There are 2 protein chains.
Amino acid sequence: MSSIKIKIQLVANDNIAMGPGKADLLEAIQQKGSISAAALSMEMSYKRAWDLVSIMNKSFKQAIIATAVGGDKGGGAQVTEFGLQILAQYRAIEAKANLAVEGETKALMRMLIDC
Amino acid sequence: MSSIKIKIQLVANDNIAMGPGKADLLEAIQQKGSISAAALSMEMSYKRAWDLVSIMNKSFKQAIIATAVGGDKGGGAQVTEFGLQILAQYRAIEAKANLAVEGETKALMRMLIDC
DNA sequence: TCACGTTATGTTTATATGAATATAACGTGA
DNA sequence: TCACGTTATATTCATATAAACATAACGTGA
């Protein structure tokens, strides 16, 4: 199988502040309500998910994810309003970029051996 | 420093048939006339450059790079007409995708800490 | 025939990345 | 007070990636 992936990466201080993986993680956290549940649903270790969250929070001017430790259900995490804006903007860029080069990418794919 | 990179990757059989690194390598080979000189100019090992060339040639329907071993100056390599077409198409996609989301990416960058 | 620079390929070593494991701290409810 | 599920963090282990090194084969010109 062949495919073309357009990967938009937001790089700050040699860290990827936002990319496809982090965007997916944000969506999972928003849906699950915790980093650990999100990591589990993505078959990712909690440590890795936490590290990614940490990079995001340290890269942007405001927090992307708000976490709570202890309490009723042990704690949890949610995407902040600011984080949702970043996420939406990122997804919009992804979609727009893909649409802009749709025809050209198909032409390129046709030149691949298994297409 | 912060920046946004839009990385277009052409994936075939779990290999990246074309991406920013391979496109740069193609241009260097075209300019230098050999894989080894191109690798040297990019501070890349010959082995790595050769492996990348091999992946490209195996991924597309026609050869991207034609190589010659032995002879006058030991041999050499050049980008084929087909390879030049692939390269041009790839660069066109890169430029078009970047242009399409220029405004949005600048807005995203402004939300980074060091921007 | 020999030297040369290159392609072509394998092997070993180092580095970066992610996985796995472990543990402390936290705050609510029972 | 204690159990619970989660955040937060460190450490070790495994794997993937890239670098380094080595070497054979090739064809032309000297």
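This is a predicted model: local features need pLDDT of at least 70, side-chain atom pairs count only at pLDDT 80 or more; totals for chains, interfaces and linings use all residues.
Helix 1 of chain A itself has 13 residues and spans 18 Å from its first C-alpha to its last, close to the 18 Å expected at 1.5 Å a residue. Its buried residues are A:Lys22, A:Ala23, A:Leu25, A:Leu26, A:Ala28 and A:Ile29. If you look at what covers these buried residues of helix 1 of chain A, you will find among the elements strand 2 (15-18), helix 2, helix 3, strand 3 (65-69), strand 4 (75-79) and helix 4 of chain A.

Helix 1 and helix 3 of chain A pack at an angle of about 105°, with their axes 11 Å apart. The two helices of chain A are therefore roughly perpendicular to each other, since angles of 65 to 115 degrees fall in that class. From helix 1 of chain A, the residues A:Lys22, A:Leu25, A:Leu26 and A:Ile29 take part, and they meet A:Ala49, A:Leu52, A:Val53, A:Ile55 and A:Met56 in helix 3 of chain A. Sorted by class, this contact between helix 1 and helix 3 of chain A has eight nonpolar, no polar and one charged residues.

Now turn to helix 4 of chain A (residues 81-100), whose axis comes within 11 Å of that of helix 1 (residues 20-32) of chain A and crosses it at roughly 135°. That angle makes helix 1 of chain A oblique to helix 4 of chain A. The crossing of these two helices of chain A is left-handed. On the helix 1 side you can pick out A:Pro20, A:Ala23, A:Asp24, A:Leu26, A:Glu27 and A:Gln30, which meet A:Gly83, A:Leu84, A:Leu87, A:Tyr90, A:Arg91 and A:Glu94 in helix 4 of chain A. By class, the contact of helix 1 with helix 4 of chain A has six nonpolar, two polar and four charged residues.

What do you find for helix 1 and helix 4 in chain B? There, helix 1 and helix 4 (residues 81-100) of chain B pack at an angle of about 135°, with their axes 11 Å apart. These two helices of chain B are therefore oblique to each other, and their crossing is left-handed. In the contact, B:Pro20, B:Ala23, B:Asp24, B:Leu26, B:Glu27 and B:Gln30 of helix 1 meet B:Gly83, B:Leu84, B:Leu87, B:Tyr90, B:Arg91 and B:Glu94 of helix 4 of chain B. The residues in this contact of chain B divide into six nonpolar, two polar and four charged.

While you are in chain B, follow helix 3 (residues 46-59), which has 14 residues and reaches 20 Å from its first C-alpha to its last, close to the 20 Å expected at 1.5 Å a residue. Buried along helix 3 of chain B are B:Ala49, B:Leu52, B:Val53, B:Ser54, B:Met56 and B:Ser59. Their cover includes strand 2 (15-18), helix 1 (20-32), helix 2 (35-41) and strand 3 (65-69) of chain B.

Further along chain B, B:Leu108 lies in helix 5 (residues 102-109). Is B:Leu108 buried or exposed? With 1% relative accessibility, B:Leu108 counts as buried, because the cut-off for buried is under 20%. Leaving aside residues up to four places away in sequence, B:Leu108 touches A:Leu10, A:Ile86, A:Gln89, A:Tyr90, A:Ile93 and B:Ile4. As for B:Ile93, it is 15 residues from B:Leu108 in sequence and 21 Å away in space, C-alpha to C-alpha.

Finally, the loops are worth a visit. Most residues other than glycine have a negative phi. A:Glu43, in the loop between helix 2 (35-41) and helix 3 (46-59) of chain A, has a positive phi of about 55° although it is not a glycine. At 79% relative accessibility, A:Glu43 counts as exposed. In chain B, B:Asp14 sits in the loop between strand 1 (2-12) and strand 2, and its phi is positive, about 65°, although B:Asp14 is not a glycine. B:Asp14 counts as exposed at 77% relative accessibility. Another loop of chain B, between strand 3 and strand 4 (75-79), holds B:Gly70. B:Gly70 counts as partly exposed, at 35% relative accessibility. From B:Gly70 to B:Ser34 is 36 residues in sequence and 12 Å in space, C-alpha to C-alpha.

Conventions
Residues are numbered from 1 along each chain as its sequence is written. Chains are lettered from A and ligands numbered from 1 in the order in which they are written. Side-chain values use heavy atoms; hydrogens and water are left out. Axes are lines fitted to C-alpha atoms, for helices over the stretch in contact, and angles run from 0 to 180 degrees between N-to-C directions. Helices (H or I, at least four residues) and strands (E, at least two) are DSSP runs, numbered from the N terminus. Angles under 35 degrees count as roughly parallel, over 145 as roughly antiparallel, 65 to 115 as roughly perpendicular and the rest as oblique. A crossing is left-handed if the near helix is turned anticlockwise from the far one by less than a right angle, and right-handed if clockwise. Contact means heavy atoms within 4.5 Å. Ala, Val, Leu, Ile, Met, Phe, Trp, Tyr, Cys and Pro count as nonpolar, Asp, Glu, Lys and Arg as charged, and the others, Gly among them, as polar. Buried means under 20% relative accessible area, exposed over 50%, partly exposed in between (1.4 Å probe, protein chains only). The expected span of a helix is 1.5 Å times one less than its number of residues.
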